[in-house]
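Visitor: I have just opened this entry and would like a friendly tour. Could you take my questions as we look?

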Amino acid sequence: MNTTTATPLRAASTAVPISMATRLSEWMPKLVLAPSFLLAFFFIYGLMAWNGYLSLSASRLLPNYEFVGLQQYATLWESDRWWVALKNLGIYGGLFLFFGMAIGLLLAILLDQKIRAEGVLRTVYLYPMALSFIVTGTAWKWILNPGLGLEKVMHEWGWTSFGFDWLINPDRAIYTVVIAGVWQSAGFVMALFLAGLRGIDDSILKAAQIDGASLPRIYWRIIIPSLRPVFFSTLMVLSHLAIKSFDLVMALTAGGPGYATDMPATFMYTMAFSRGQIGLGAASATIMLATVAAIVVPYLYSELRAKK
Amino acid sequence: MNTAVTPNRLDWHRLALWSVLLVFAAFFLLPMYVMLTTSLKDMAQIRDGNLLSLPTAPSFAAWDKAWSHACTGIDCGGLKPFFMNSVLMVIPAVLISTLLGAINGYVLSKWRFKGSELMFALMLFGVFMPMQVVLLPMSQILGWMGIASSVWGLVLVHVVAGLPSTTLFFRNYYVGLPDELVKAAMLDGAGFWRIFWRIVLPLSTPITVVTLIWQFTNIWNDFLYGIVFSGAGSKPVTVGLNNLANTTSSVKEYNVDMAAAMIAGLPTLFVYIVAGKYFVRGLTAGAVKG
Amino acid sequence: MGALSIRNVRRSYGNVDILKGIDIEVEAGDFLILVGPSGCGKSTLLNIIAGLDKPTEGEIHIGGRDVTHALPKDRDIAMVFQSYALYPNMNVAQNISFGLEMRNVPKPERDAAIQRVSKMLQIEHLLDRKPGQLSGGQRQRVAMGRALARNPTLFLFDEPLSNLDAKLRVEMRAEIKHLHNKAQVTTVYVTHDQVEAMTLGDHIAVMKGGLIEQLGSPDEIYSRPATRFVAEFIGSPAMNIVNGQRAANGFASHGIDLTLNDEQRALVGNGHAEGILYGLRPEAVLLSDAGLPGTVSLVEPTGPETYVLVDTPIGKMMARVPGKVHQVVGDNVHLHWSANEAHLFDAKTERRVS
């Protein structure tokens, strides 16, 4: 095992004691992280739990901590307006995701083709993300203004029968939100896909070209499949944006006409802060949380697992 | 990506490519164009002309009104007070959340301890959580703390809400800094804080810029917290804009609405144009968890 | 009194034992090498000596003080990392004096140290540059300068030459040796390269699986390897090892008798029921007209010598022949060696018998 050279008698040596400084330096990282962590933890999970309790309480205009079980949830599911909000979320979410991803991917692929003005075009496609949803909503509200907006332009260009009253049409209004939402976010999707495309190893593409594959073929069979991780993370971010849509709806339609464009987020706000139905609002918020968690938690879990 | 097409030949592919790109560019630029031109017109021209026509006699009258006289509910003082509120709120919120994020990221990447990864994962959920779920309890707390109607209430909320994101950015960046750098500094006798100030922070310029821009954009553009957590005298510019554009006053003045929208949007737009590269980095860093 | 004393150091992570009990005494001024394959625990041991990692059991004594629980900065040691870990935001002079700055050494003394060290390493002309502007060899010197500036009791090197190309590696190796001769600081040097180990070390600890297989001078390690692992790890090309059994004349493998000298016969005795391993360094194997017959299967000329791989009845044998050979692949040759050159190991324990 050990063939040491001649071992001299080990002299007793003085021990360096574990000083205060040493102990402090061991604890320092934990001390430093603790306040932020506690704060965030409380803010996230503590308040979540509190909200959960509110949703099980009889609160109306003011918090009332009387426990009433799932009554608020029952009221929620019986509410016409809530169902409208859910339906709208489905419509909006589906269209927003589809068009956002499609346009974003298309733009990314096109921009990847060695365009001279790539930088300028990228800036143009992406600038909407820098704007507040309120600004976006206000602008689009004007553009889609029935009478003075898009409709008028179309009339003056000759399409006199063109009618665009979607903004005030209860059945169509939700689609205006889709238009504005896609306008705002497609550039973001493009940026993500572009980064993903740029990350693909060049040699794979060269091999495919030598193998004789045409450009569309290469895209369809090799590039797009290798963008799967980007698809997932983009899907996740867009879904979570869609579920949280509040600002855009408020600015564009204020949930109207009536509550035709209500979404869970605006529903929650209206109930909690202008209708004096705190318990109901809390219940709707909890449902929103559950939906987001159902999507995000598995994703986060798999991401962090993969990192280990 | 390398394609085999030589750029000089005029071929139909390139033409089609460019047409699509330009059509989309027009689509994206349209609202900005409309906002700008409408804000420079007077109401007569707006009614007679159409959305896309250029202003015949451009004037900043609408801008002036939006800034100082427009009605935002009961008050008719324009966007100015709201703009100022936003400024007062954004600066401390951005600086504090960025600094705390840097320190947290530093701890989580270079001073890992048992449970720190779990703590990080738990914090991470905060990036995605729908804020609706904390609105009610938070307004209660701010009320108890006595800051519900002041700018500080908003600052606190934005700092706490922004911590998970800023921590994520810095932590992912610092993970890329070699651990041996910290070890060498430890051997040289530097402790936790000295290593941070003298070595780690000086090397953080790129991510700091990204985080500052990201936080500035998100906090300035926020509406939800602005509307829930502000009192009469602390409403940010987004709330002001929404009020202005939605007041059911006698006549709708679209040019003022557009001018107001431009005023509210210009700060973040300006930052984007100047430092867009960093903004994009923030977007891609935030979404594609590295 | 030893400058460094490692006493029964163990390190485990949960169920995995990285270090299983290390005992080493290092004299002042000695150059100790820790060498071994990846995963043997040498870097972990170095980190424990440095204080960057804590042992599960055991003690570290530096310069007569028990530093097992002391912070790295209180151990009076300096370390050169594989990546050099120079501070990118500071210039060379600041890098060198950072450690002194952290200890509140006044500026004039710091400047004196910078001068002394940069002169010794001939990097005076680089003092204003940042690490990003330096070549690999220059960075290495700055890293050593940073370590030297503090006049520590102990120097630690963590594979500092791994990032350099072959030619630079040879140059820097010589520089490190030269520096050690001049400064005479006790040094512990970790490497996976056995050539570095043999050329730089006063003592070498060959490690495997968290234990020390052998600790000794380069000559001891080379001429009298304590285990089969050490025998095969040190020396390139590796030692030829042949499996065999105790036989009437001494030793037999694959039906061929191999002579043992008297001493070997005595040490082998009648034990080693599972067999004996017979080792021969390639330089001990000679091509001649008589002896073990075989066919040449590979000829590798390196310039100063030629490696010849020969297929023999007892297995493939590598011979190391000075200069050039006239044999080609397919030729029949005979191999011959002196019994004194053989290293014998027990086949079961793989430990040295003779």
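Predicted model: local features only at pLDDT ≥ 70, side-chain atom pairs only at ≥ 80, totals over all residues.

Visitor: Is Asn151(C) buried, exposed or partly exposed?
Guide: A residue needs 20 or more other C-beta atoms within 10 Å to be buried, and 12 or fewer to be exposed. Asn151(C) has 14 such atoms within 10 Å, so the class is partly exposed.

Visitor: Which loop of chain C holds Glu159(C), and how exposed is this residue?
Guide: Glu159(C) lies in the loop between β7 and α5 (166-183) of chain C. Although not a glycine, Glu159(C) has a positive phi of about 45 degrees. With 19 other C-beta atoms within 10 Å, Glu159(C) is partly exposed.

Visitor: Which residues of chain C does a cis peptide bond join?
Guide: Most peptide bonds are trans. Here omega is about 0 degrees, in the loop between α8 (228-233) and β11 (240-247) of chain C, where Pro237(C) has its place. The bond joins Ser236(C) and Pro237(C).

Visitor: Which strands stand at the edges of the open sheet of five strands in chain C?
Guide: The order in this antiparallel sheet is β13-β12-β11-β14-β20 (chain C). A strand at the edge has a single partner, so one side of it is left without a neighbour in the sheet. That describes β13 (256-259) and β20 (343-346) of chain C.

Visitor: By how many degrees are neighbouring strands of this sheet turned against each other on average?
Guide: The direction of the strands is ignored for this value. On average, neighbouring strands of the sheet are turned by 40 degrees.

Visitor: In β12(C), what is the bridge partner of Arg246(C)?
Guide: β11(C) pairs with strand β12 (residues 250-253) of chain C in the antiparallel sense, over three bridges. In β12(C), the partner of Arg246(C) is Phe251(C).

Visitor: How many bridges join β16(C) to β17 (residues 305-312) of chain C?
Guide: These two strands run antiparallel and form a hairpin with three residues between them. In the turn, Gly303(C) has a positive phi of about 115 degrees. One bridge pairs Val299(C) with Val308(C) in β17(C). The number of bridges joining the two strands is six.

Visitor: In β19(C), what is the bridge partner of Gly294(C)?
Guide: Strand β16 (residues 292-301) of chain C also pairs with strand β19 (residues 332-336) of chain C, antiparallel and over four bridges. In β19(C), the partner of Gly294(C) is Val333(C).

Visitor: What share of the residues counts as buried in chain A, and what share in chain B?
Guide: For chain A, with 308 residues, the share is 42%. For chain B, with 290 residues, the share is 54%.

Visitor: Which helix gives the most to the side of chain A that touches chain B?
Guide: The contact takes 88 residues from chain A and 77 residues from chain B. By class, the side of chain A has 65 nonpolar, 14 polar and nine charged residues. The element that gives the most, with 18 residues, is helix α1 (residues 20-55) of chain A.

Visitor: Where is confidence highest in chain B?
Guide: Chain B averages a pLDDT of 86, and 93% of the residues score at least 70. Confidence is lowest in helix α2 (residues 43-48) of chain B, at a mean of 82. The highest mean, 93, belongs to helix α4 (residues 80-110) of chain B.

How values were computed: Residues numbered from 1 in each chain as written. Chains lettered and ligands numbered in written order. Pairing = 2+ DSSP bridges. pLDDT = per-residue confidence, 0-100. Contact = placed C-beta atoms within 7 Å. Nonpolar A, V, L, I, M, F, W, Y, C, P; charged D, E, K, R; others polar. Axes fitted to C-alpha atoms, helices over the stretch in contact; angles between N-to-C directions.
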